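Subject: Structure handover

Hello,

Here is the structure I promised to pass on. Please open it first, then read the notes below with it on screen.

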Amino acid sequence: VYATLAIRSAGAGIQTPAVGALLPQIVPAPALMRVNGINMSNGASLSVENCVVSNFPGGGRRGLFVGTAATIRIVNSLFRDNHDGALISGGATASISESQFFGSTDLAVWVSDQVGSGVTTTAHVDRSVASGSGGGFAAQTAYAGNRTRLFVSNSVASNNSSAGVMSYAPLGNAYVSVRSTEVSGNANSGLYVSGAGAKLVA
């Protein structure tokens, strides 16, 4: 399996559709590729465990991009120096635990309605860190009829250049819940809410 992945990944990262993909320790840090991260556009589920995903900084590249209604599980992984650490959209449901997101140009973890119409995209973040990025944990909805939901617990959002935790919804509905989480040292604000459809509870 790993040999096949290595051959197929010449010039690209990991591309799915891969239904029920389980990718533990997929690429050792010294051999990480610099073209694309993990991109899921179809499939039922994806697990990322004990991985390092780094150095996808420009051109809107993400460490992880999800654009389909899949179940996503990220455990004990490091996302470093990407444009966005993880962008979850398309009606996906993500569980992120014991993971670190450092040095993202834009957002560390971004729950978005960038893909899909009439969908609800959800992420649960627990015991994780978003630090040194443009922004920390964020839910954004820009299209009417869409919903994003972000639940952050027992985590840290610190030293980001904009806000630590954000809810932004000029249209649609973005809901963010924050509990037992340290939000400190963020340049603009710790908690940021903007738009008629945005709500943040802490």
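Start with glutamate 49. Its relative accessibility is 19%, so glutamate 49 counts as buried. Please keep in mind that this is a predicted model.

Glutamate 49 has a charged partner. The partner is arginine 73, and the two form a salt bridge whose closest N and O atoms are 2.6 Å apart. Look at where the two residues sit. Glutamate 49 is in strand S4 (residues 45-49), and arginine 73 is in strand S7 (residues 71-75). The pair therefore ties together parts that are 24 residues apart in sequence. Arginine 73 is partly exposed, with a relative accessible area of 38%. The general idea is simple: side chains of opposite charge can pair when their charged atoms come close.

The strands themselves also pair. S4 and S7 run in the parallel sense, over 5 bridges. One detail to find on screen: valine 48 has isoleucine 74 in S7 as its bridge partner. S7 pairs with S10 as well, again in the parallel sense and over 5 bridges. There, valine 75 has serine 97 in S10 as its bridge partner.

Now the salt bridges in general. How many salt bridges does the count come to? The count comes to 4.

Move on to glutamate 98. Glutamate 98 forms a salt bridge with arginine 127, and the closest N and O atoms are 2.9 Å apart. Both residues lie in loops. Glutamate 98 is in the loop between strand S10 (93-97) and strand S11 (100-102). Arginine 127 is in the loop between strand S13 (120-126) and strand S14 (129-131). The pair therefore ties together parts that are 29 residues apart in sequence. Glutamate 98 is partly exposed, at 39% relative accessibility. Arginine 127 is partly exposed too, with a relative accessible area of 45%.

Arginine 127 has another partner. Arginine 127 also forms a salt bridge with aspartate 126, with the closest N and O atoms 2.5 Å apart. Aspartate 126 is buried, with a relative accessible area of 19%. Salt bridges with shared partners join Glu98, Asp126 and Arg127 into one network.

Next, leucine 78. You will find leucine 78 in strand S8 (residues 78-82). Is leucine 78 buried or exposed? Leucine 78 counts as buried, because its relative accessibility is 16% and the cut-off for buried is under 20%. Which residues does leucine 78 touch, leaving out those up to four places away in sequence? The answer is Cys51, Val52, Val53, Gln100 and Phe102. Compare its position with that of glutamate 49. Leucine 78 and glutamate 49 are 29 residues apart in sequence, and their C-alpha atoms are 9.5 Å apart in space.

Last, serine 54. Serine 54 belongs to strand S5 (residues 52-56). Serine 54 is buried, at 1% relative accessibility. Its side chain makes a polar contact of 3.4 Å with the side chain of asparagine 55.

Trace its links on screen.

Best wishes

Terms used. Residues are numbered from 1 along each chain as its sequence is written. This is a predicted model: local features need pLDDT of at least 70, side-chain atom pairs count only at pLDDT 80 or more; totals for chains, interfaces and linings use all residues. Side-chain values use heavy atoms; hydrogens and water are left out. A salt bridge is a side-chain nitrogen of Lys or Arg within 4 Å of a carboxyl oxygen of Asp or Glu. Helices (H or I, at least four residues) and strands (E, at least two) are DSSP runs, numbered from the N terminus. Buried means under 20% relative accessible area, exposed over 50%, partly exposed in between (1.4 Å probe, protein chains only). Contact means heavy atoms within 4.5 Å. Two strands pair if DSSP finds at least two bridges between them. A polar contact is a pair of N or O atoms within 3.5 Å; within protein, one must be able to donate a hydrogen and the other to accept it, and residues adjacent in sequence count only if both atoms are side-chain atoms.
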